[in-house]
Amino acid sequence: MHTLKTLILDDETSITNKLHRYLTRKKFAVFCANTPQEAFQVLIKNKIDIVLCDILLPEMNGIEVLKRIKSTNPEIEVIMISGHGDMDTVIQAIRLGAVDFIRKPFSGLDAQLAIERTGKYIKLQNRIQSVENLNSLISRELENLIDQECIGTSEAIQEVLDLTLKAAKDRDINVLITGENGTGKEIIARIIHFASVRKEHPFFPVNSSAIPETLLESEFFGHRKGAFTGATENKKGCFELAHGGSLFLDEIADMPYSLQAKLLRAIEEKKIKQVGSNDEVPVDVRIISATNKKIKNLVKDNKFRLDLYHRINTFIIDVPPLRERKDDIEPLLIHFINFFSKKKKKNVPQISKNLINKLKKYKFPGNVRELKNMVERALILANGGILSEEYFPLVDHTLEPVKAKSKESYNFEQNEINLIKETLKITNNSKVKAAQLLGIPRYTLVRKMKKFNIE
Ligand SMILES: Nc1ncnc2c1ncn2[C@@H]1O[C@H](COP(=O)(O)OP(=O)(O)OP(=O)(O)O)[C@@H](O)[C@H]1O
Ligand SMILES: [Mg+2]
């Protein structure tokens with residue numbers, strides 16, 4: 001780490017001169033200023049790490065100087081020099097982000113110790129920062145690995161994708177994605193982000209139902225050290241962390257009513273206040289929300305604010321349940337088979353035609369996620385063999401009710417033909433096994449096959 005550079009701002013030249021001499025002798029890199037303007041000039045020209053700042057100054061008091069430093073160079077740590085046992089001002093300074101204070105009169109050694117303490121703190125902060133950077137790098141790489149592909153050939157999903165790309169084209173429009181569990185809302189949200197000009201910035205998902213209510217405000221807006229018990233460090237909230245990118249508010253309907261007003265304010269004004277601070281921080285994020293609930297009903301029951309609802313739903317994308325887009329079942333099935341086979345380094349198995357028919361009759365209450373889980377399980381059970389319907393046990397009561405059949409489907413002969421064909425298929429064209437299954441002698445089967453011209 002480089003030698004820390006300290007700037008001393010005090011209007012009394014006797015103090016700055018004395019400290020300069022003392023600290024230089026101790027091999028510290030020291031700059032001095034006797035007015036705030038001089039200090040700002042030094043800050044512009046040098047990369048200062050620590051400022052020792054007097055409270056009583058000409059032109060502008062120390063609190064104002066502190067605020068200005070923290071707004072332009074938040075990484076600089078400020079140690080206040082208090083003159084008259086002015087504890088109220090010191091407390092105010094600490095709230096505003098000062099790291100420490102020393103009381104006048106003080107010795108060169110007092111100053112040295114305060115600077116060294118702060119130096120240790122800066123070192124620790126840097127270490128935390130580098131870990132955080134590494135983490136965000138890792139999560140960005142992970143994000144790139146995550147499949148952002150939205151599979152589906154049905155008209156319904158193509159319409160959804162069309163809307164998704166339209167939403168992505170606009171940098172700022174807030175999007176609300178609705179749909180049952182597991183329909184692919186998060187995939188849509190990711191596509192909106194990664195297909196937009198914000199893609200180099202974070203895609204930041206937050207699920208408010210997964211966070212204790214008492215911590216939510218800090219989670220969203222961050223907090224200053226000491227703002228509440230347990231706030232031992234300054235912390236940025238997800239609005240600031242998503243700056244430039246997209247904030248994905250998953251399960252928005254579960255957002256506590258008390259927080260909704262604050263969220264609305266942040267979205268409208270594009271500014272936030274950290275818990276324990278009065279400073280407004282500008283934030284630039286696109287809000288993408290998702291819900292599986294009917295928010296309109298929640299508004300009626302006074303559980304969701306109407307004004308917030310209007311803010312987040314500028315553009316609505318409704319993802320239909322899988323049972324309403326049956327054409328997607330086959331491509332999704334194939335996609336997941338390939339996906340898991342590759343992941344588990346296995347050969348891609350064949351699938352039976354009956355499997356797709358069976359799945360198309362199923363209601364999929366858990367939608368695409370349910371299908372995905374089913375495939376993973378079936379691949380394990382089939383263990384490299386043909387993926388047939390027996391590995392996809394479906395709960396019967398979720399099968400669709402039998403529809404009134406067409407006239408031909410009551411035709412006896414046609415049903416006989418279909419049944420024979422189906423049985424032969426299942427038994428791999430073994431006439432012995434097929435006859436057994438049908439409960440008829442083998443020669444009867446052969447006769448019927450001849451009669452109906454079945455190969
Ligand atoms: N069209 C699709 N193509 C490929 N994978 C999909 C598709 N739709 C959903 N999936 C997969 O299904 C799973 C569920 O999707 P996702 O998490 O996006 O659903 P969701 O609507 O957010 O669900 P929930 O409401 O439970 O949060 C994910 O693993 C996702 O990759
Ligand atoms: Mg989701």
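In this predicted model, the C-alpha centres of domain 2 and domain 3 are 34 Å apart. Five residues from domain 2 and five residues from domain 3 make up the contact between them. On the side of domain 2 that touches domain 3, no residue is nonpolar, four are polar and one is charged. These two domains belong to an assignment that divides the protein into domain 1 (5-122), domain 2 (165-319), domain 3 (323-398) and domain 4 (408-451).

The overall dimensions may be considered next. The C-alpha trace of the protein spans about 120 × 50 × 35 Å along its principal axes. The radius of gyration is 34 Å, whereas a compact globule of 455 residues would have a value near 23 Å. In secondary structure, the protein contains 18 helices and twelve strands.

Five of the strands form an open sheet with the order 7-8-11-6-12 and parallel pairing. What is the position of strand 7 (203-207) and strand 12 (315-318) in this arrangement? Both stand at the edges, and each has a single partner strand, so one side of each lacks a neighbour in the sheet. From one strand to the next, the twist averages 20 degrees.

Within the sheet, strand 8 (residues 246-250) and strand 11 (residues 286-291) run parallel and are joined by four bridges. Leu247 has Ile287 as its bridge partner in strand 11. Helix 6 (residues 155-169) packs on the sheet, where it touches strand 6 (175-178) and strand 12. The direction of helix 6 makes about 155 degrees with that of strand 12.

The description now turns to the ligand. Ligand 1 is surrounded by 16 residues, of which the closest are Ile151, Gly184, Lys185, Glu186 and Val368. Which elements give two or more residues to this shell? They are helix 7 (185-194) and helix 15 (367-382).

Domain 2 (165-319) and domain 3 (323-398) each supply at least three residues to the shell around ligand 1.

Key
Residues are numbered from 1 along each chain as its sequence is written. Chains are lettered from A and ligands numbered from 1 in the order in which they are written. This is a predicted model: local features need pLDDT of at least 70, side-chain atom pairs count only at pLDDT 80 or more; totals for chains, interfaces and linings use all residues. A residue is near a molecule or strand if its C-beta atom, placed from the backbone, lies within 6 Å of it. Domain bounds come from an automatic or database domain assignment. Two strands pair if DSSP finds at least two bridges between them. Axes are lines fitted to C-alpha atoms, for helices over the stretch in contact, and angles run from 0 to 180 degrees between N-to-C directions. Two residues are in contact if their C-beta atoms, placed from the backbone, lie within 7 Å. The radius of gyration is taken over C-alpha atoms; the globule rule is 2.2 Å times the number of residues to the power 0.38. Ala, Val, Leu, Ile, Met, Phe, Trp, Tyr, Cys and Pro count as nonpolar, Asp, Glu, Lys and Arg as charged, and the others, Gly among them, as polar.
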